[in-house]
Amino acid sequence: MANHSQLGFQDASSPIMEELIQFHDHALMVALAICSLVLYLLTLMLTEKLSSNTVNAQEIELVWTILPAMVLVTLALPSLRILYMMDEINEPSLTLKAIGHQWYWTYEYTDFKELTFDSYMVPTTDLPRGHFRLLEVDHRVIVPTESTIRVIVTADDVLHSWAVPSLGVKTDAIPGRLNQTSFLATRPGVYYGQCSEICGANHSFMPIVVESVPLANFEHWSSLLPS
């Protein structure tokens, strides 16, 4: 999860988030190169006397037309690749349905019979020692590690958004519509998120907690739940 004075992304815990961070760094390097070139040209124009032939040269017109097009290509190709990877869902191991309410989440494990529960934020007065205020919930989403999880997202009342930054997941929950996304947690851990849509007065009080556990632990957890 994020910490105080953090300037970068959270540590990636899924392949998609790793790709997003790499693309972010790639885009920053392209922006740095553009800013350096523009600063150099501005300095040159202020310090050197350019002739009319240099200012009106067709070669310069050609360069500053082709160069931006090449920059756009270097940004568009990796971006399209990541968008395709985020949209592609191949044979998920588990399907989870997340339903947004004012102001809590309901989760349904559609591969299990009647495995559903509500997830509310734990009030500060009831928060166990060492847990995170405004981020902990009474029922976490338990998923197996190294397994593709398909998440079907919708809402019961107003717009919500199911988002877990370290997993690279952010999908709008729209009443009357089913959106889907997927993630794969590469290691066991607890991942925190929040509703990322301004959905009302308690918008900031409907956190999301995903706990990734080994497959054997997940099977044991699901067997203990009442059917």
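Is Glu19 buried or exposed? With a relative accessibility of 18%, Glu19 counts as buried, where buried means under 20% relative accessible area, exposed means over 50%, and partly exposed is anything in between (1.4 Å probe, protein chains only). The structure here is a predicted model, in which local features need pLDDT of at least 70 and side-chain atom pairs count only at pLDDT 80 or more, while totals for chains, interfaces and linings use all residues. Residues are numbered from 1 along each chain as its sequence is written, and side-chain values use heavy atoms, with hydrogens and water left out.

Now for the salt bridges. A salt bridge is a side-chain nitrogen of Lys or Arg within 4 Å of a carboxyl oxygen of Asp or Glu, and searching the whole structure turns up 3 of them. Glu19 takes part in one, with its side chain meeting that of Arg81 at 2.9 Å, N to O. Glu19 sits in helix 1 and Arg81 in helix 3 (residues 58–87), so this pair links distant parts of the chain, 62 residues apart. Helices (H or I, at least four residues) and strands (E, at least two) are DSSP runs, numbered from the N terminus.

Another joins Arg140 to Glu211, where the closest N and O atoms are 3.2 Å apart. Because Arg140 lies in the loop between strand 3 (115–119) and strand 4 (141–144) and Glu211 in strand 10 (residues 207–213), this pair ties together parts 71 residues apart in sequence. Glu211 is partly exposed, at 22%. Through shared partners, Glu136, Arg140 and Glu211 end up in one network of salt bridges.

Next, the domains. The chain is assigned domain 1 (15–87) and domain 2 (94–224), with bounds that come from an automatic or database domain assignment. Their C-alpha centres lie 39 Å apart. The contact (heavy atoms within 4.5 Å) takes 5 residues from domain 1 and 6 residues from domain 2. Together the two domains bury about 400 Å², 58% of it on carbon and sulfur atoms; buried area is the accessible area (1.4 Å probe) that two parts lose on being put together, summed over both. Pro15, Met17 and Met86 supply 76% of the area that domain 1 buries against domain 2. As for salt bridges between the domains, the count is 0.

Met17 also turns up around Ser166: leaving aside neighbours within four places in sequence, the contacts of Ser166 include Met17, Gln10 and Tyr191. Ser166 is found in the loop between strand 6 (160–164) and strand 7 (169–173), and at 4% relative accessibility it counts as buried.

Most residues other than glycine have a negative phi, and most peptide bonds are trans. The peptide bond from Gln102 to Trp103, however, is cis, with omega near -5°, and Trp103 is in the loop between strand 1 (94–101) and strand 2 (104–109). Glu114, not a glycine, has a positive phi of about 55°; this exposed residue, at 58% relative accessible area, is found in the loop between strand 2 and strand 3. Leu134 has a positive phi too, near 70°, and is partly exposed at 22%.
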